[in-house]
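Hi,

Here is the structure I promised to pass on. Have a look, and my notes follow below.

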Amino acid sequence: MLAAAYEELDRDSFAALTLDRLARRSGVHVSTIRRRWRTVEGVVVELLAERSSMLPTPDTGDFRRDLTQLTQAIADFNNALRNRNVLQGLLAAAAHDPRVEEIVRAAFVRRIEEVTLIARQAVERGEIPEDTDPREVIAALAAPLYYRVLILRGSIDERLVHTTVETTYQATVAGVFVRKESREGNRKGDREG
């Protein structure tokens, strides 16, 4: 079923996807699809979870290289028309269906948690400040990419990959993503000292 949905999304947009089309493509009866996934959104949410879990979390031993590999993987994933159709369609569906919204949010939160390993390991290696917030690092990395894909409806080119990596890297090394409590504690110590 997921393969059938993926093939359909390579041919057309999420909006054109129906249970009948999925049934024809997969050879599975519509009632079986309804019983298992309930809706097209249910099928596509499972497809998104499957596809996004295939993206590796880089572990090269170098923070900048890890950021580069992660950004390139996100670009490659989103530059494939069917993946972009899945994502755009799910976000549109999430705007109208709280159940889909919750599932999409959970999928993104889970993936963000997985890739924060990049920043946590960079802290352990002493490449970035100790109190860096790994989620903020990943948010800064992902934001321009998803802005391009979801808002501008464009692809992610080499220049965007490069500028996103360099901006995130430089900001992280400079301490921009150090947790607020740590910055306030440092300022208080400076005033007392």
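Helices here are DSSP runs of H or I with at least four residues, numbered from the N terminus. This is a predicted model, in which local features need pLDDT of at least 70, side-chain atom pairs count only at pLDDT 80 or more, and totals for chains, interfaces and linings use all residues. Residues are numbered from 1 along each chain as its sequence is written, and side-chain values use heavy atoms, with hydrogens and water left out.

Let's start with H3. Val30, Ile33 and Trp37 are the buried residues of H3 (buried is under 20% relative accessible area, exposed over 50%, with a 1.4 Å probe and protein chains only). Viewed down the H3 axis, they fall within an arc of 60 degrees (taken from the directions from the helix axis to the C-beta atoms), so they line one face of the helix. Arg35 and Arg36, on the other side of H3, are exposed.

Now its partner, H2. The two helices, H2 and H3, pack with axes 9 Å apart, at an angle of about 115 degrees (axes are lines fitted to C-alpha atoms over the stretch in contact, and angles run from 0 to 180 degrees between N-to-C directions). H2 and H3 are therefore roughly perpendicular, a label for angles of 65 to 115 degrees. On the H2 side, the contact (heavy atoms within 4.5 Å) is made by Leu19, Asp20, Leu22, Ala23 and Ser26, and on the H3 side by Val30, Ile33 and Arg34.

Cheers

Key. Parallel < 35°, antiparallel > 145°, perpendicular 65-115°, else oblique.
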